[in-house]
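The points are grouped by topic.

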Amino acid sequence: MHKPLPLECTSLNFRDFQFAQAMLFAIEEINNRSDLLPGISLGYKLYDTCGSIARSVKVALALINGNEIVSAPSEAPCTKPAEVQAIIGETSSSPSRAIATVIGPFNIPLISHFATCACLSDKTKYPSFLRTIPSDYYQSRALAHLVKHLGWTWVGAIRTNDDYGNNGMATFIQTAQQLGICLEYSVAFFRTDPEEKIRGIIDIIKVSTSKVIVAFLSPMDLNLLLHEFSYHNLSGYQWVGTEGWIFDSEIAALDKHHILDGAIGLSIPKAHVTGMKEFILDVKPLNSSSNEMFVGFWEALFSCKFKQSELPGENQRRCTGDEDLTGVLNSFTDMSLMPIFNNVYKGVYAVAHALHSILSCNQTCNNKVQLDPFTILQHIKNIRFKTKEEEEVYFNENGDPAAKYEIINWQPRENNIVDFVTVGLHDLSLPAHKQLNLHTKSIIWARNSVQVPVSVCSEKCPPGTHKVLQKGKPVCCYDCIRCAEGEISNVTDSITCERCLPEFWSNERRDACIKKEAVFLSYEEIMGALLTTASLFGTCMTAIVAFIFFRYRKSPLVRANNSELSFLLLFSLTLCFLCSLTFIGRPSEWSCMLRHTAFGITFVLCISCVLGKTMVVLMAFRATLPGSNVMKWFGPTQQRLSVLAFTLIQVIICILWLSISPPFPYKNFKQFKDKIILECALGSTVGFWAVLGYVGLLAIFCFIFAFLARKLPDNFNEAKFITFSMLIFCAVWITFIPAYVSSPGKFSVAVEIFAILASSFGLLFCIFIPKCYVILLKPEKNTKKHMMGKGAPM
């Protein structure tokens, strides 16, 4: 509806005036030198953009045009046209982008001292832009590494809504995410935004849980934000700042409520330029009343221009121009921005060295060389020189200098004074592990604390636990879940738990794998000791019976029961008792092969003897029948051969088993989670069940024959006792199968030993104990007459 008013600068910025003075100092110093551009004097034009993008474009076009009317002719007019060959500036990134876009097609060099946006390193968009301050790409990454180094993984972020803030924060967020840092919030504002938006940012910060604020802000925006923080009494946050404000004494002076106390951030390394401070402070207003800039500057500097007092008789007072700056303490006399003044100084010298090279200056310069911006730009890109303070100046392929930052800490002192203390260094020219050097012990944090603040969404997960992300929240918010059995984590904040190797198991804290207990039936434990005792007891009992039989070998009872098979049976029973010992102890390759084969062969030998005795009883009865001569087919020789044949078959089965797939020691990890069962694997299960089945087959035959001979009319009927012994034998081994299969670990071995001992004791007691009873306690029945009599059976 209305034509916009023209842009006007409404106030004087001391900082920008200091930058202008730094440029004038460098130009004067160069013009007074005889070794650099001899015979050549540099001229300049000074414009104020007031931080406005639109005004920056207007200024850039005016500089390119070069057809301005000189208002006051100089005593020594320039011998060159008014078109500029290089531009020093701008201070901010957004105006610098605008200027670089306008002058880029004309290849006019633009050298900035304070525009840090990483976007300006793009030479396809800004081919003529260079700077003497590092790109925010490096600063943003350095800030992220600083935050990570201090253990802060849950932070908030505030930025200026311009190229500087948006691009710098974008790089910071990208690097932070790679380092495992999460942002609880990331908000942007500009100083011209409505109050509602600023209050919305304050509300976000109020409800946040993070205690660290990363601020990519210009000093003017930060000043506005400080007022809001003070109004809402928001303090105690740990601020992390950029070079834009971290060493700005004006911001420190305006922070009356100590919102930024303990702030830490990156700054350009301190610098000193001899003579510059004195030059900047040596300012006098011009006599010409037309120069409003200097007159206004002088009056603002001393604050000696007052509004007319309401009291009658008091008039407005103005400065005289003779005031001394020595005792003045304000932002203009503050030299804390000397590193930036030095950047202006280096930018001017870069142009001078490029001209010196183009004009082939030695004692004199070649004034006939036609200067053009493109040639100057190429030479500036390739210059490499040292200042009088021995600082090396050069530009990389992106027009940026080497990145090196001091780490600054705000340390409040008495009388509301803030010391900017250097507490570390971040040098990107060093190897990655040496780039950050921080002295945390000398840092004062927020609330004047000497302890590093904690700002995490979730506490660190201790060893023995792992992180599980909380649904719908950033990766920094998680729960600590204890590792499952058999898994460990031995580092803090482990993402996963590692499974222990099969021979190991997790300890109670789940932070280390310990070797599993090896479990086997040993002689030292109670069960092993009892079974060993039972085995030896059976062996002794068998030996005692054998001794009794040998002692009374000529008695009718012993002779009537086939003494040769009886002694062979007793021998085999001894082996049966002893073979159970091979099942006790740590399994080895030999013990595994021996235990099952020894068991199979000795039991077949034992059953073969019993089967022979049964056949003898049965055939003896049939031999008493008229016309029967069957005993001649079952004499002593045939009995020996039958025992040998039956046993030989089992031996062959065992040999085949051991040859094809023998038993072997095996570590069973599956049966128990926290133990290793040392056992003997069967190898070939067919071989095992063939050995066991053959023993069972002979036992069944023996039981059948004994059952058929149980009622033979002898006073001492051995078939009855054999029947009982085989009944016990078969019952034991029938119940053994399900018990063996279902018993875990070493108990399966104990079940097998118990079956061997039970069946052996069954044979020993049922067959031999009744005979020993008669021999020792009933000698009157141990006679041939009684054996052949028809009295009551025993």
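A residue counts as buried when its relative accessible area is under 20%, as exposed when it is over 50%, and as partly exposed in between. The model is predicted. Arg97 has a relative accessible area of 22% and is therefore partly exposed. By the sulfur-distance rule, a pair of cysteine sulfur atoms within 2.5 Å is a disulfide, and the count comes to eight disulfides.

**Arg97 and its surroundings**

- Arg97 belongs to helix α3, which covers residues 93-103.
- With neighbours within four places in sequence left aside, the contacts of Arg97 are Cys119, Leu120, Tyr126, Asp163 and Asn167.
- One of these residues, Asp163, has a side chain that makes a polar contact of 2.4 Å with the side chain of Arg97.
- Tyr126 is 29 residues from Arg97 along the chain, and the C-alpha atoms of the two are separated by 7.8 Å.

**The disulfide of Cys182 and Cys476**

- The sulfur atoms of Cys182 and Cys476 are 2.1 Å apart and form a disulfide.
- This pair links distant parts of the chain, 294 residues apart: Cys182 is in strand β5 (residues 182-189), and Cys476 is in the loop between β14 (465-469) and β15 (478-482).
- The link of Cys182 and Cys476 is right-handed, with 85° about the S-S bond.
- Cys182 has a relative accessible area of 6%, so this residue is buried.
- Cys476 is likewise counted as buried, because its relative accessibility is 5%.

**The disulfide of Cys361 and Cys365**

- Cys361 and Cys365 form a disulfide in which the sulfur atoms are 1.9 Å apart.
- The torsion about the S-S bond of Cys361 and Cys365 is about 115°, and the disulfide is therefore right-handed.
- Cys361 counts as buried at 11% relative accessibility, and Cys365 is buried with a relative accessible area of 11%.

**The disulfide of Cys483 and Cys497**

- A disulfide joins Cys483 and Cys497, with their sulfur atoms 2.0 Å apart.
- The link of Cys483 and Cys497 is left-handed, with -75° about the S-S bond.
- Cys483 lies in the loop between β15 and β16 (487-488) and Cys497 in the loop between β16 and β17 (498-499), so the pair ties together parts that are 14 residues apart in sequence.
- Both Cys483 and Cys497 are buried.

- Cys579 is in no disulfide; the nearest cysteine sulfur is that of Cys576, 5.6 Å away.
- The cut-off for a disulfide is a sulfur pair within 2.5 Å.
- Cys579 is buried, with a relative accessible area of 5%.

**Buried Cys772**

- Cys772 has a relative accessible area of 8% and is therefore buried.

**Helix α18**

- Helix α18 covers residues 685-708, and its 24 residues should span 34 Å at 1.5 Å a residue.
- The buried residues of α18 are Gly687, Phe688, Val691, Leu692, Tyr694, Val695, Leu698, Ala699, Cys702 and Ala706.
- In general, an α-helix has 3.6 residues a turn, so residues three or four places apart point the same way.

Technical notes. Residues are numbered from 1 along each chain as its sequence is written. This is a predicted model: local features need pLDDT of at least 70, side-chain atom pairs count only at pLDDT 80 or more; totals for chains, interfaces and linings use all residues. Side-chain values use heavy atoms; hydrogens and water are left out. Helices (H or I, at least four residues) and strands (E, at least two) are DSSP runs, numbered from the N terminus. Buried means under 20% relative accessible area, exposed over 50%, partly exposed in between (1.4 Å probe, protein chains only). Contact means heavy atoms within 4.5 Å. A polar contact is a pair of N or O atoms within 3.5 Å; within protein, one must be able to donate a hydrogen and the other to accept it, and residues adjacent in sequence count only if both atoms are side-chain atoms. The expected span of a helix is 1.5 Å times one less than its number of residues.
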